Amino acid sequence: MNSEKWRIYDELLASVPEGETVKAVRRGNFWLLLESSGGGCGLAQNITGDESWPLDDCLGRPLKEVAGRIKSWDFNQAAVGLAAVNAAHNRPEVAAAARAGDAFDSFLSGMAGKKVAVIGRFPWLEKMAPRCRSLIVLERNPGPGDLPDTAAEYVLPEQDVVFITATTLINKTLPRLLDLGRGARVALVGPSTPMTPLMFRHGLSALSGLVVTEPATVAGVIAESGSCIGLFAKGVAKVNLTRPEG
């Protein structure tokens with residue numbers, strides 16, 4: 001049973017190519033950016049907000065080895081691991097093949113009259129509410145109107161559409177959330193999302209993330225503002241993949 005919970009992680013790690021190394025890692029309050037020697041750039045959220053832990057031990061190491069840190073229970077290390085996974089997958093050729101645009105705009109037409117839950121307090125959710133029969137936001141640190149993330153056990157099985165922040169790959173809650181949402185249309189969203197179709201093997205209907213097109217620009221944004229809105233503003237392409245029908 002335990003190996004089943006790790007399957008999504010093991011498949012992601014198996015997909016990281018051999019022969020590439022970590023070229024650079026940059027970090028801000030909220031995000032980190034990892035560049036590989038093969039030209040890939042991956043983002044992940046710095047969910048602890050801790051900027052004091054060292055990154056130099058990643059440099060020059062095999063990308064696949066560093067990606068293995070995604071399974072760490074040290075969430076700082078797990079974030080580096082996820083960024084390494086994303087450096088392998090979130091590349092310009094993905095942007096060329098994917099549908100461009102904001103995640104929630106892409107799915108607005110499918111939310112009419114539906115019960116919708118969002119794991120994570122994303123910007124711009126207010127524009128979704130008029131379209132939905134109901135909209136529930138679950139957050140680890142809930143704000144006004146939010147439910148705590150522990151409510152997922154009760155809420156997700158009743159939903160038609162579920163959006164899950166990809167930071168759940170870091171804190172290891174994603175496998176359980178996918179199990180709870182298996183009766184719904186489920187999308188993994190946010191800059192930390194690995195844009196690879198192998199994610200569709202695990203009950204996901206859609207992926208929405210970012211491809212870094214200008215690493216230096218994004219590194220500057222991360223260092224200066226660190227905000228989610230700032231990260232979306234420049235140096236990246238918003239991309240969406242949908243599971244093929246049939």
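A residue is called buried under 20% relative accessible area, exposed over 50% and partly exposed in between, with a 1.4 Å probe and protein chains only. The model is predicted, so local features need pLDDT of at least 70 and side-chain atom pairs count only at pLDDT 80 or more, whereas totals for chains, interfaces and linings use all residues. Residues are numbered from 1 along each chain as its sequence is written, and side-chain values use heavy atoms, with hydrogens and water left out.

Helices (H or I, at least four residues) and strands (E, at least two) are DSSP runs, numbered from the N terminus. In α2, the buried residues are I8, Y9, E11, L12 and L13. These buried residues of α2 pack, with contact meaning heavy atoms within 4.5 Å, against α1, α3, α4, α8 (168–171) and α9 (174–180).

A pair of aromatic rings is described by the distance of the centres and the angle of the planes. Rings of Phe, Tyr and Trp (its six-membered ring) pair if their centres lie within 6.5 Å, and planes under 30 degrees apart count as stacked, over 60 as edge-to-face and the rest as tilted. By this rule the count comes to 2 aromatic pairs. In one of them, W6 and Y9 are edge-to-face, at 5.2 Å centre to centre and with 65° between the planes. Both partners are buried, W6 with a relative accessible area of 16% and Y9 at 1% relative accessibility. W6 also pairs with W73, and because the ring centres are 6.2 Å apart and the planes stand at 75°, this pair too is edge-to-face. W73, with a relative accessible area of 58%, is exposed, and W6, Y9 and W73 form one aromatic cluster.

What sits over the ring of W73? The charged end of K172 does, 5.2 Å from the ring centre, where a charge sits over a ring if NZ of Lys or CZ of Arg is within 6 Å of the ring centre and within 35 degrees of the ring normal. Likewise, the charged end of R27 sits over the ring of W53, 4.5 Å from its centre.

Salt bridges, in which a side-chain nitrogen of Lys or Arg is within 4 Å of a carboxyl oxygen of Asp or Glu, number 12 in a search of the whole structure. Among them is the bridge of R69 with D57, whose closest N and O atoms are 3.4 Å apart. This pair links distant parts of the chain, R69 in the loop between α3 and α4 and D57 in the loop between β3 (41–45) and α3, 12 residues apart. R69 is buried, with a relative accessible area of 16%, whereas D57 is partly exposed at 34%.

A further bridge joins D146 and R121, with closest N and O atoms 2.5 Å apart. Because D146 lies in the loop between β6 (134–139) and β7 (147–148) and R121 in the loop between β5 (115–119) and β6, the pair ties together parts that are 25 residues apart in sequence. D146 is buried at 13% relative accessibility, while R121 is partly exposed at 42%. Finally, E153, R176, D179 and R182 are linked in a network of salt bridges.
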